[in-house]
Amino acid sequence: MMTHKYIIKGMTCNGCVAKVKSELLKLPDVLSAEINLPQEAVITMQKHIDTKTLQEAISKERKYIITEDENDHSHHQMAKEESQSWLKTYKPLLLIAAFITGVSFLTSHNGIEPNLTTWMNHFMAGFFIVFSFFKFLDLSSFADSYAMYDLLAKKVKAYGYVYPFIELALGIAYLISFNPFVTNIATIVVMGFSSIGVIQSVLNKQKIRCACLGAVFNLPMSTITIIEDLLMVSMAAATLLI
């Protein structure tokens with residue numbers, strides 16, 4: 001439970017106060033709302049609600065504008081905690097991405113300067129091989145998680161068991177430079193199709209686990225997952241054009 005102070009502009013009478021309070025109390029996580037003229041609000045909530053959600057709630061009756069009270073330091077503390085929580089949640093993914101980026105950069109260096117095409121091939125090889133490794137650690141759990149959002153895995157669960165092998169095959173293909181055209185086209189098709197289910201889940205605000213690192217890490221589905229998939233699609237497309 002937490003209490004925050006806000007400024008609500010646009011209230012001119014007790015009727016406005018009543019309307020604003022009524023709309024705020026309709027939000028499931030709002031426990032109480034003390035509204036005072038001319039623009040004071042103290043809201044107690046079960047869990048943090050962003051200002052955008054509060055704004056959408058009170059705008060149903062009239063164009064009231066709610067902003068955080070700058071004198072309320074609890075907002076700054078909450079922002080700091082959310083930032084720390086985000087870094088803690090995605091730390092494994094960020095570290096893996098950093099290692100793959102660094103190693104691929106070193107292996108693509110020809111002694112003078114890095115070769116962009118070689119770097120992208122090595123990066124994608126590392127991405128697919130490392131990410132498939134984590135999926136293989138608990139293949140069954142990955143398949144269960146993947147079936148929650150991937151369009152094909154929802155209908156054919158066996159695809160969840162096959163997918164890590166596809167990633168591994170793509171990783172090896174990039175590593176040995178096997179038929180670059182076929183490999184890049186396959187990457188665009190596989191990752192592009194996979195991203196559709198991810199985008200739908202994020203847009204629908206589904207609270208499900210992202211299976212990108214298998215069942216080893218409890219990563220939530222988010223825009224990070226979309227970026228991950230579309231990055232591979234973009235790099236494969238760029239490689240075809242270079």
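## Ground rules

Because the model is predicted, local features need pLDDT of at least 70 and side-chain atom pairs count only at pLDDT 80 or more, while totals for chains, interfaces and linings use all residues. Residues are numbered from 1 along each chain as its sequence is written, and side-chain values use heavy atoms, with hydrogens and water left out.

Helices (H or I, at least four residues) and strands (E, at least two) are DSSP runs, numbered from the N terminus.

## The sheet

Let's start with the strands. Four of them form an open sheet in the order β2-β3-β1-β4, with antiparallel pairing; two strands pair if DSSP finds at least two bridges between them. At the edges sit β2 (30-36) and β4 (65-68), each pairing on one side only. From one strand to the next, the twist averages 30°.

Look at β1 (residues 2-9) and β3 (residues 40-45): they run antiparallel and are joined by six bridges. Thr3, for instance, has Thr44 in β3 as its bridge partner.

Helix α8 covers residues 180-203, which is 24 residues. From first C-alpha to last it reaches 33 Å, close to the 34 Å expected at 1.5 Å a residue (the expected span is 1.5 Å times one less than the number of residues).

Which residues of α8 are buried? Among them are Thr183, Thr187, Val190, Met191 and Ser194. Buried means under 20% relative accessible area, exposed over 50%, and partly exposed in between (1.4 Å probe, protein chains only). The buried residues of α8 pack against α4 (116-136), α5 (139-146), α6 (151-155), α7 (158-175) and α9 (223-241). Contact here means heavy atoms within 4.5 Å. Just after α8, Lys205 takes a positive phi of about 55°.

## How α7 meets α8

These two helices pack at an angle of about 145°, with axes 11 Å apart. Axes are lines fitted to C-alpha atoms, for helices over the stretch in contact, and angles run from 0 to 180 degrees between N-to-C directions. On the α7 side, the residues that meet α8 include Tyr159, Tyr163 and Ile166.

## A loop residue: Leu37

Where is Leu37? Its place is the loop between β2 and β3. Leu37 counts as partly exposed because its relative accessibility is 40%. Leaving out residues up to four places away in sequence, Leu37 touches Met11, Thr12, Cys13, Asn14 and Val17.
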